[in-house]
Amino acid sequence: MSRPTSRVLTLLELLQSGGLRTIAELADRLDVDKRTVRRYVEHLNDLDVPVESVRGRYGGYRLAPSYRLPPLMLSDDEALAVLLGLIAGQRTGLATATDTASETAAAKIRRALPPHVARRLDAVTESLAFTQPSAGSGTPDAAVLLAVADAVRHRRPVSMRYTDREGRSSRRTLHPYGIVAHSGRWYLTGHDPGLGEDRTFRLDRVADARTQPGTFEAPEGPDAAQRLLSSLAAAPYRHEVTLRINGTAEQIRARLPASVATLHEPTPATDADLAARPEYWPRVELRAEHLDWLPPALASLDLPFKIERPAELREMVAAFADRLAGSARRD
């Protein structure tokens with residue numbers, strides 16, 4: 001007796017949508033009797049698709065975890081979503097290791113698309129533009145990403161080989177808090193027990209990551225993303241800048257985000273005269289390799305501010321103000 005392949009594939013698609021499906025529900029969706037549903041399930045098992053049978057009043061069928069990826073049934077919109085996700089991941093640098101895996105995965109899905117769906121995809125990709133340049137290199141190795149993610153999930157130490165910006169390689173042990181994607185790069189935050197301090201590492205510079213025996217307790221406080229932003233804002237650069245800005249945190253963060261500057265809220269002043277004094281304004285601390293971007297950033301805030309250090313920045317802001325005034329007076 002020939003098997004209706006299209007209905008078997010429809011059964012697989014129904015099971016892949018998740019959850020437990022009763023035999024009655026499947027029979028109704030496939031427009032067959034319950035006996036035929038059981039035959040279709042047997043056919044999927046013959047194809048090494050692991051379908052579990054759950055007995056009882058509310059029993060039925062569901063997909064079990066498999067040692068390999070079973071055939072996937074994607075709707076038109078799902079196929080487009082996957083392909084666009086692969087394109088965006090490559091473009092923003094949030095892919096893994098090399099572009100090979102993304103390219104081969106996209107090619108496999110692209111070949112299986114019906115012509116009308118392929119035309120829709122072509123229309124999107126041909127009209128799609130990005131406002132930022134490609135992130136370029138900086139994607140982590142897939143094996144490293146999976147090993148580190150496993151260590152984060154189970155709160156286990158991870159041993160890894162790390163190459164710093166100077167090209168020096170060393171073996172590190174870290175208690176990993178989390179993985180963060182930021183500005184086209186992957187970062188790992190955690191506690192270095194050898195140094196006794198929290199550290200941040202770029203995942204594309206990590207190699208040979210291995211989980212270690214034992215567990216650790218995650219600390220209370222900021223999450224991994226906030227720890228990364230604080231770490232980036234405190235990174236060692238040539239200039240240390242301290243400002244007082246008379247504005248709200250929301251106004252200040254519009255031009256000086258958490259990845260750039262650390263914001264300290266002052267003790268609220270009870271007197272209006274005190275509130276007007278700079279020492280009661282929020283203190284902003286940041287580090288920068290170059291200062292030339294700060295004068296226009298401060299001007300764009302359009303808020304009263306005071307430069308506590310460095311003196312060089314005061315001179316640059318004054319010169320910038322003179323240039324602006326000269327341009328305003330020019331016919």
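Two strands count as paired if DSSP finds at least two bridges between them. Helices (H or I, at least four residues) and strands (E, at least two) are DSSP runs, numbered from the N terminus.

This is a predicted model, in which local features need pLDDT of at least 70 and side-chain atom pairs count only at pLDDT 80 or more, while totals for chains, interfaces and linings use all residues. Residues are numbered from 1 along each chain as its sequence is written, and side-chain values use heavy atoms, with hydrogens and water left out.

The protein has 12 helices and 11 strands. Of its 331 residues, 32% are buried (under 20% relative accessible area, 1.4 Å probe, protein chains only). The accessible surface (Shrake-Rupley method, 1.4 Å probe) is about 20,300 Å², and carbon and sulfur atoms hold 50% of that area. Among contacts (heavy atoms within 4.5 Å) with a separation of 6 or more, 61% join residues 24 or more positions apart.

Five strands form an open sheet in the order β6-β5-β4-β3-β7, with antiparallel pairing. Both β6 and β7 stand at the edges with a single partner strand each, so one side of each has no neighbour in the sheet. Neighbouring strands are turned by 45° against each other on average, direction ignored; axes are lines fitted to C-alpha atoms, for helices over the stretch in contact, and angles between N-to-C directions run from 0 to 180 degrees.

Helix α7 (residues 142–154) packs on this sheet and touches β3, β4, β5 and β7; the directions of α7 and β7 make about 40°. Strands β4 and β5 pair in the antiparallel sense over seven bridges, and Gly-178 stands opposite Thr-189 in β5.

| Strand | Residues |
|---|---|
| β3 | residues 158–163 |
| β4 | residues 169–182 |
| β5 | residues 185–192 |
| β6 | residues 197–202 |
| β7 | residues 206–211 |

Key
Buried means under 20% relative accessible area, exposed over 50%, partly exposed in between (1.4 Å probe, protein chains only).
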